[in-house]
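Me: I'm new to this structure and would like to learn what the words used about it really mean. Could you show it to me and then let me ask where each word comes from?

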Amino acid sequence: MSDIQQQKTPFYDATIMMIDDEPLVMEVLQTCLEEHGYRFFVKIEDSTQAVDAIISERPDVVLLDLNMPNMDGFAILQELRNNRDTKYLSVIVLTSSNDSSTKLKALELGATDFLAKPVDRSELVLRIKNSLTVKAYQDQLAYYDTLTQLPNRKLFLDRLDWAIKCAIRESSQVAVLNIAIDRFQQVNELLGTQAGDELLVEVSRRLLKGLRESDTVSRGGPEAAWRNIARLSGDEFSILLTDLKNSSQIVAIAERLRSVLQEPFHLRQREIYITASIGIALFPKDADTTDTLMKHAGAATAYAKEKGRDCYQFFSAEINAAAQQRMNVEHSLRRVLERNELTLYYQPKICAATGAIKGAEALLRWRHPQRGFIPPNEFIPVAEDSGMITQIGEWVLRSACEQNVQWQQNGLASLSMSVNVSAQQFRDNKFPSIVQKILSDTGMDPELLVLEITEGVLMGDRDRVGDLLFKIKSIGALLSIDDFGTGYSSLSYLKTFPIDELKIDRSFIVDTPADGDSAAIVRTIVAMARSLDLQVVAEGVEDDAQFQFLRELSCDQIQGYYFAKPMPAQEFEAFCRQRAPAAQDIAKGA
Ligand code: C2E
Ligand code: MG
Ligand code: MG
């Protein structure tokens with residue numbers, strides 16, 4: 001035996017199909033290949049069944065005899081090349097003819113390689129190995145994610161398809177777990193995309209580890225975990241589970257995966273903690289096709305995110321309804337501007353010391369023709385996901401500025417106008433010039449405009465964020481941090497960025513002053529704002545006890561139902577006119 005013959009193949013799990021009308025020839029080929037470690041063979045004697053067998057068995061390479069009765073090798077080749085699924089399959093043709101026109105014809109029909117009959121054993125082994133090497137390389141490019149080396153979406157869908165077919169035959173269940181890393185974008189923005197990539201590689205390692213350690217998957221051997229996992233896109237992974245007995249197995253795996261991600265990740269000398277939202281859908285219970293199963297697993301993930309992230313969620317009729325609803329919202333949101341269905345409500349911001357109205361916050365409302373008023377929390381996330389927020393946000397900004405000018409023309413005192421700006425809007429490089437243009441179109445005094453952003457917006461590339469903030473400042477508008485205290489960012493940005501105002505989140509106000517912890521947090525925020533020379537506003541003030549507590553702390557402004565709910569522009573105007581004397585009472589401490 002030559003050296004080559006003695007080497008065992010690295011492709012031991014490849015499936016080799018032989019199509020020949022002479023069974024003895026196939027026996028000889030198989031014996032030879034078995035000596036080199038190949039284990040999986042499919043032998044077809046009846047050439048008329050060859051194409052169907054190839055489609056159902058999906059061999060990695062085919063050894064095809066050219067001379068066969070009923071349907072010859074040429075006809076089979078032709079059919080294979082005309083079929084989308086078998087177009088690029090490696091086919092080595094066996095021919096006893098040395099006739100070059102036969103070879104040429106086979107080549108024209110797309111044969112990958114030749115073997116002359118009687119077959120030389122070492123040549124056979126080499127040709128098979130070469131074909132499988134080429135296939136492995138092509139597969140690597142076509143079916144694997146270059147960053148994590150995990151299977152990609154295409155391969156995953158292929159395997160899922162296959163798993164569903166087996167499950168139908170065996171009346172068994174298949175589960176898809178769709179895993180999304182929570183707030184992955186923030187890591188990217190905070191530490192850069194390279195660090196984000198490193199995190200994804202480490203996440204994939206941990207998910208693999210978690211799967212290997214789970215009983216359900218480990219029964220399939222060391223390769224099973226790797227075969228069942230894929231990176232679908234960005235921060236989204238998927239896991240395929242077959243041979244399931246009950247849903248507690250799935251729960252155990254989902255829990256295991258969450259726990260392997262809970263350990264800190266070490267990136268750029270920092271410890272990063274992440275969580276994941278996992279959506280689970282089952283075949284045949286939730287869906288009967290690959291597409292719907294994937295879609296439902298995705299909907300369950302979206303639901304898990306909405307429920308506060310860091311959890312797993314099984315698909316259900318309720319989730320389906322929510323996903324449907326979201327789609328409907330997205331659909332009708334597309335026409336919301338042309339149909340003039342958006343409107344702004346205004347909620348006063350009151351000076352805590354004097355009771356005077358200092359300004360208004362513009363809050364978006366959607367007058368849906370069938371559903372009535374839809375609150376912003378329901379449609380703004382959809383507008384953000386679909387990219388429509390840019391247009392909607394611009395409409396809000398323009399309308400609020402126009403309204404502000406209108407109120408002054410109607411004789412109201414000059415009031416500030418707070419406008420909420422979503423992260424996506426803010427990150428757009430064009431945002432400062434949009435603000436500038438709207439201010440000059442409407443003639444509004446830039447110093448009356450307060451742009452409310454959330455802490456999340458400030459995370460990420462410090463230079464870029466700083467650049468945008470300073471551009472906005474140079475226009476003259478003010479910057480406010482909305483929902484302050486709920487974000488995860490470091491406080492150092494308050495020193496480096498040109499911030500003017502903090503709005504303490506309602507969640508801290510709601511329990512003050514009764515709850516000592518909330519009261520302590522509010523006290524600290526006010527003191528910090530004071531020392532940094534920032535204005536501080538309390539949101540969601542609903543009762544007198546809260547108001548008095550904030551007033552004693554010298555919180556600058558108050559916003560909440562205690563004074564007024566958000567209202568249409570005309571009502572707001574009337575409220576300002578009627579409120580002026582009352583303000584003096586508060587100032588006197590009445
Ligand atoms: P936000 O900017 O923090 O606005 C304050 C929210 O608290 C408003 O809800 C307001 O109606 C509500 N609120 C005010 N006082 C009280 C109170 O005393 N008690 C209670 N329970 N709630 C109070 P709304 O109008 O539903 O808006 C929710 C969120 O939607 C806003 O939170 C803001 O993040 C977002 N939003 C609203 N309008 C826009 C917009 O034009 N663009 C963007 N990007 N987001 C917007
Ligand atoms: Mg706000
Ligand atoms: Mg807020």
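**Buried residues, metal sites and a ligand**

Me: Why does S418 count as buried?

Reply: The relative accessibility of S418 is 0%. Buried means under 20% relative accessible area, while exposed means over 50% and partly exposed is in between, with a 1.4 Å probe and protein chains only. At 0%, S418 is under that limit, so the word buried applies. Before we go on: this is a predicted model, in which local features need pLDDT of at least 70 and side-chain atom pairs count only at pLDDT 80 or more, whereas totals for chains, interfaces and linings use all residues. Residues are numbered from 1 along each chain as its sequence is written, chains are lettered from A and ligands numbered from 1 in the order in which they are written, and side-chain values use heavy atoms, without hydrogens and water.

Me: Where does S418 lie?

Reply: S418 is part of strand β16, residues 416-420. Strands here are DSSP runs of E with at least two residues, helices are runs of H or I with at least four, and both are numbered from the N terminus.

Me: What makes the pairing of S418 and K349 a polar contact?

Reply: Their side chains come together at 3.3 Å. A polar contact is a pair of N or O atoms within 3.5 Å; within protein, one atom must be able to donate a hydrogen and the other to accept it, and residues adjacent in sequence count only if both atoms are side-chain atoms.

Me: How do you know whether D65 is buried or exposed?

Reply: D65 has a relative accessible area of 2%, which makes it buried. This residue belongs to strand β3 (61-65), and its side chain makes a polar contact of 3.1 Å with the side chain of K117.

Me: And what about L132: buried or exposed?

Reply: L132 is buried, at 4% relative accessibility. It lies in helix α6, residues 121-143.

Me: What makes a residue a donor of the magnesium ion (ligand 2)?

Reply: Donors are N, O and S atoms within 2.8 Å of the metal, or 3.2 Å for Na, K and Ca; water is not among the atoms, so sites may look incomplete. For ligand 2, E361, N420, E452 and D482 give protein donors at 2.0 to 2.2 Å. Those distances are within 2.8 Å, so these atoms qualify. Along the chain, the spacing is E-x58-N-x31-E-x29-D. Two of these residues link distant parts of the chain: E452 in strand β17 (449-454) and D482 in strand β18 are 30 residues apart. E452 is buried at 1%, and D482 is buried at 7%.

Me: Which residues coordinate the magnesium ion (ligand 3)?

Reply: D482, D483 and E539 do, at 2.0 to 2.4 Å, with E539 listed for two OE donors. The two magnesium ions, ligands 2 and 3, are 4.2 Å apart, and D482 coordinates both. D482 lies in β18 (478-484) and E539 in the loop between β20 (535-538) and α24 (544-552), so the pair ties together parts that are 57 residues apart in sequence.

Me: Why is β18 called largely enclosed?

Reply: Five of its seven residues are buried, so the rest of the structure largely encloses it.

Me: How do you know that β17 and β18 pair?

Reply: Two strands pair if DSSP finds at least two bridges between them. β17 and β18 have five bridges, in the parallel sense, so they meet that mark. In β18, I481 is the bridge partner of I453. β18 also runs parallel to strand β19 (501-504), with three bridges, and I481 stands opposite L502 there.

Me: Which residues come nearest to ligand 1?

Reply: Of the 22 residues around ligand 1, these are R365, N420, D482, E542 and Y561. A residue is near if one of its heavy atoms lies within 4 Å. One oxygen–side-chain distance is 2.8 Å, to an N or O atom of N420, while a nitrogen atom of ligand 1 is 2.5 Å from a side-chain N or O atom of E542.
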